[in-house]
Each structure stands twice: as C-alpha cells, then as structure tokens.
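Visitor: I have a model open and would like to go through it. Can we start with one spot in a loop?
Guide: Fine, here it is.

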Amino acid sequence: MVKPWPIPARTLAIAALFVVPLLVLLVWARVVLGIGPGAGARVPAYVVRLALPDGTRAVDLPPVLGPADASRPLVVIDAGHGGHDPGASGEGSLREKQLTLALALALRDALLAQGHVRVALTRSDDRFLALDERSGIARRLHADLFLSIHADSAPSADAGGATVYTLSDRGSDAVADALAQRENRADTINGVNLAGQSGTVSSILVDLSRRAMRGRSLRLADLILREGQGAVRFHVDPRREAAFVVLKSLDLPSALLEAGYISNAADARAMTDKAWRNGFAHAVARAIAIFLAEQESRPLGA
Ligand SMILES: [Zn+2]
C-alpha cells in the first residue's frame, strides 16, 4: 500500500498550470520590459546608438557607366528615398523606394543603350542618402543633368499620372507645396533642416546662373512631357514647380519626375510592370538625348 500524498497530484497539476505561466510572465516582464519590483533603480546595461549620416559627410562616389570618354555628357539619376526612408506606401508591401530604384535602373539601361552619354546613379541598392548627398554626388561628378525619380501619392485614389517638377523658390500651388514638404522631410531626420539653407545663395551671379538653369530645367521638363506622350500617362496638370531641397544648390539642369501615383491602382500596376518601366525609360532617355544635343549646339548664354 502506498501512503497517500498530502495534496492530491491532480490539485498540484492544476495549481502548476496557473502558477508556472504567471512566473514566466513575471520573469519576462522584469527582464525584457524592465518592469516589476526594483525595476526603477535598474541601470541600463547598454545603450543602443544608431549611426545616421550627418548630412555633411562626403559619400563614396558611385561608378560612372557608359563610354570611357570624359567629354561625353554625364547624367546623374537619383532614385528617391531608400534605406530607412521608404517614401510613400502603396498596396500591401509596395513602397516608393522600390519603384524609384526599379525606374532608375530602367532609365540607366535605356541611356546606356543609346551609347552616347555617361550615367551614374546616386544609389543602385536599398540605402539611405540625405538629400544634399544626392545633389552632392551630381556636383562632385560634374554632372550635366540631374534627374530625381519619385512616385507620388494622394489621399484620393483617383489622382493619377506622371508629373515633372522643376525648382522654384515658391511652389506653383498648394499641392506642389505639400509634395515638396513631404519629399523634403527626409532631411530633417538628422535634426538638420536643409530647407533653411537657401539664404546663403544671394549673389547676383548665383541668381543669374540659377535663372539660366531654371530655363534649361524647364526645357528638360517640356521634352520629357513631349517624348513621354504615348508611353507615359501624365497628370492633367503635369508640369509644376516646387521648392525641392534635392534640386536646390544644383548649378546644373535638374528635374524631379514623379512617374505616377503609388496610391493609384493603375499607376502602381504600371510602375511594377517591367515592360511599362522600359517604355517609360526609353521615352525619358529620348527626351534627355534631345535635351543634351540642344545644349551642345546652344551653349549657356548664347
Ligand atoms: Zn518621393
């Protein structure tokens, strides 16, 4: 005969069923969340520091692709956003930074296929670049043209089509202002508001140069609209001006191209389609080729 246990095993099992998870929960809360008895007096064992670009460092220059002849015009293509800055969001996991990179790569290929111009990309993978690093790459490479590629987004799913923006000190309308603010926000991430740097450009010479560049940038925008007909569906009001930081401080023709709306189902479908991207890229590459040929035959000031 076996001496009976003072507490029936069944009761113990039921008690354990409640007590064990509770103990596990308490230990988890104490260790992981740092709450519980004595937690207030706890000194963190370590501090996580994230190294963010300070916005002034000189990033490594990307490779220059295409003909080895340095006298050939150099086009710098800037895929918007990247890394911890995803840009606008679309359906599911679709992010603007993926579309801008895919479009930039397609444009690079289309330009290289022409065989006349040299091409560099500000980024060719999923990395973060501050806005002044993007324009800085173009400046340091002595680029002849800078094109930043983005995908727009709007609260209304009906808004659709591509838009070409050139730099202005004031946006052409409230929509352009809002967009510029959204795109420019990527630079306040390091605590430095680069939008406030425009005060340094005050000399008459700089002003004259910027006026000339503004005219050239407008011509580039016109050519993109013209050559894009058929391949690209444009917004009803496709040519705009806005105060984009990424275009500021650039003394070369530059534009920001919103290839479509990531928030519009048809646009998002198009931009994720390789064949559409190729059509888009060849149209824009054609516009760039015409633009550069015109500039060559009509130098600045002529
Ligand atoms: Zn963007």
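**A glycine in a loop**

Visitor: Where is Gly160 found?
Guide: This is a predicted model. Gly160 sits in the loop between strand S3 (145-152) and strand S4 (162-167).

Visitor: Buried or exposed, this Gly160?
Guide: Gly160 is buried, because 21 other C-beta atoms lie within 10 Å, and the cut-off for buried is 20 or more.

Visitor: Which residues does Gly160 touch, leaving out those up to four places away in sequence?
Guide: Gly260, Tyr261, Asn264, Ala266 and Asp267. Asp267 is 107 residues from Gly160 along the chain, and their C-alpha atoms are separated by 6.6 Å.

Visitor: And in the whole protein, what share of contacts with a separation of 6 or more comes from residues 24 or more positions apart?
Guide: Such pairs account for 83% of those contacts.

Visitor: How much of the protein counts as buried?
Guide: 38% of its 302 residues.

Visitor: Changing topic. How many helices and strands are there?
Guide: There are 7 helices and 6 strands. Along the sequence the pattern reads α-β-α-β-α-β-β-α-α-β-β-α-α.

Visitor: Take helix H2. What should its 19 residues span, at 1.5 Å a residue?
Guide: Helix H2 covers residues 96-114 and should span 27 Å. The expected span uses one less than the number of residues. The end C-alpha atoms of H2 are 27 Å apart, so the two values agree.

Visitor: What follows H2?
Guide: Gly115, with a positive phi near 80 degrees.

Note on methods: Residues numbered from 1 in each chain as written. Predicted model: local features only at pLDDT ≥ 70, side-chain atom pairs only at ≥ 80, totals over all residues. Helix = DSSP H or I, 4+ residues; strand = E, 2+ residues; numbered from the N terminus. Buried ≥ 20, exposed ≤ 12 C-beta atoms within 10 Å, placed from the backbone. Contact = placed C-beta atoms within 7 Å.
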